Protein chains: 2
Amino acid sequence: MGESVVISSRIRLARNLREYPFPCRLDEQGRLEVLEKIKKAVEGLSEEFIFVNMEDLPEYGAVSMVERHLISPEFAKPLAGRALAVSKDESISIMINEEDHLRIQVIKSGAALKEAYEIADKIDRELDAALSFAYDKKLGYLTQCPTNLGTGMRASFMMHLCALSESRTVQRIATNLTKLGFVIRGTYGEGSEYSGALYQISNQITLGISEESAIDNLMSICEQLSNSELQTREKLMESMEYQDRLSRSMGILMTARLISHQEAMRLLSNVRVGICEGIIEDISLNTIDKLMIIIQPASLMSIEGKKLTPQERDIARAKLIKNSLR
Amino acid sequence: MGESVVISSRIRLARNLREYPFPCRLDEQGRLEVLEKIKKAVEGLSEEFIFVNMEDLPEYGAVSMVERHLISPEFAKPLAGRALAVSKDESISIMINEEDHLRIQVIKSGAALKEAYEIADKIDRELDAALSFAYDKKLGYLTQCPTNLGTGMRASFMMHLCALSESRTVQRIATNLTKLGFVIRGTYGEGSEYSGALYQISNQITLGISEESAIDNLMSICEQLSNSELQTREKLMESMEYQDRLSRSMGILMTARLISHQEAMRLLSNVRVGICEGIIEDISLNTIDKLMIIIQPASLMSIEGKKLTPQERDIARAKLIKNSLR
């Protein structure tokens, strides 16, 4: 499983302090107390974290964190006692007082689910020693929502299923995966066009299964999907029209002076395949993957440090893309 | 009048030998006799000419000459006794045994109608001395078709009326020009899209007017059209969407792997305006003007030296454009 299909791997652990009710049953005072405790424990970790109070951010700053997958959309709403601890490279983030007291998240580039899990597991153990998590011998980790009960773990891959999306087989695959306890969904918006053919596939079962088995199962599904995507790409590449489309996407991205989010995602998706298939050179996949994140509306505004009108965003987006692809 | 609007200037003189009937009334023997006489006279000119027997060319070779404006479409049909004399740089061409015994043509880049006329006039005098042209004191030069009677001269400008075409004012202008004795028409095909917004404007009146007056009248019309085109471009350039379109056209041309003649003409037309308006750099207008000629189907086949299927042409066209724009 190469980077040509798997963009990133993510582990998220839901944890709660034994001595406190779940956040939804805490008042402001309670949330601040929980935050204080967790903050102290996080400061004691070997990894260095930056703390962000969600109340202190401009709206686009918070939304930009959603776009970068650092926080959940719910968490972007300002509330006293909500804070985010984030490592310098943003690969580790801990939401404090989201649905659960802690949501520990680790994202790694490419197919690196086990590595991501090891990092999350280490942080989990260190914090557990300091905070004492709510755990039941029979049920496992206790979480506010019963769907997280057990491992409290959600593992996921972000995959670029450009060819499967083009051949409209993603829908059929999604239905089959649901029966097996997995969920696949477009990362950005509903339409495949808007999404840039980025899909997130994750495990849904947390009860009665070990973390290792859950990860192994997801990895095997991901491998099958990867192979299927690569085969479909190979077939598409036999057509000159398809090669032409990929190549032109690069030309348009390098010369546009105005570009919408939707069009940019579609073109970046094409360029990504073009790089993998060797018809576009001198650009790294990493550059494209980064662009797919930072060209989102709130992230653009965060980079510019101010609110922008839709046309101003389209201009800023075109500039950002052109400069990155040079 | 700069090159930003006027691509080229053309003078064509229709002449006939006094002692022979018009070509349509000659048999093969007669045409060959006329050809022999003219050939000898042309060989005596100060300028060096290459002779091409239209019978010896493959079909695409002859059509390619039509595309390069060296000959008329009628002349491309093989017929014994038809030959073309062409100068090395192809700026001067003499069709022998077309509708008239001689059609002397001079094309110059940019707005250079007077220079073109001077060259044509010099050749005309030299050939007249050797061949003795059919001339009537009252009617002027005698030609097969009465519409050429008198000066036997057709003068024309090739103009890039991209903005006027976009704003759909060319139609209205064409109607007015007809009343004044001028004709304006799309150079390639009927639709403005297909033409790449290239228009040829020419005088229609040859009787009762001197060559000088005809040229002066045409130049003044051309200047008005030029100004109107430039003002309209300026207005269009106020829109970011228009600038975006021009800029993207360059990106697509540089990266396409397949491109139809129609699309290529539309994009080259945009790039031409982009260069004039300073938003596309490092490409000369001359490169674009040449491309507009050589990407035509028969010219492409002439370059490749063989017949090509439509898809092969689209591939060859994309390569040729990419290499020229690098």
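Predicted model: local features only at pLDDT ≥ 70, side-chain atom pairs only at ≥ 80, totals over all residues.
**Entry 1: Gly186(A)**

I looked up Gly186(A) and found it in strand 9 of chain A, which covers residues 182–186. The relative accessibility of Gly186(A) is 22%, so I noted the residue as partly exposed, since buried would require a value under 20%. Leaving aside residues up to four places away in sequence, I listed Leu198(A) and Tyr199(A) as what Gly186(A) touches.

**Entry 2: Val271(B)**

Next I turned to chain B, where Val271(B) sits in helix 9, residues 261–276. Is Val271(B) buried or exposed? I read a relative accessible area of 0%, so Val271(B) is buried. With residues up to four places away in sequence left out, Val271(B) touches Ser249(B), Met250(B), Leu253(B), Ile280(B) and Ile288(B).

Last, I asked what rotation superposes chain A on chain B. I noted 180°, with a shift of 0.1 Å along the axis and an RMSD of 0.1 Å. That is how a two-fold axis relates copies. The same surface serves both copies, as 100% of the contact residues of chain A recur in chain B. I also looked for the residue of chain A that comes closest to the rotation axis: Gly251(A), whose C-alpha atom is at 2.1 Å.

How values were computed:
Residues numbered from 1 in each chain as written. Chains lettered and ligands numbered in written order. Heavy atoms only, no water. Helix = DSSP H or I, 4+ residues; strand = E, 2+ residues; numbered from the N terminus. Buried < 20%, exposed > 50% of the residue type's maximum accessible area, 1.4 Å probe, protein only. Contact = heavy atoms within 4.5 Å. Least-squares fit on C-alpha atoms with pLDDT ≥ 70 in both.
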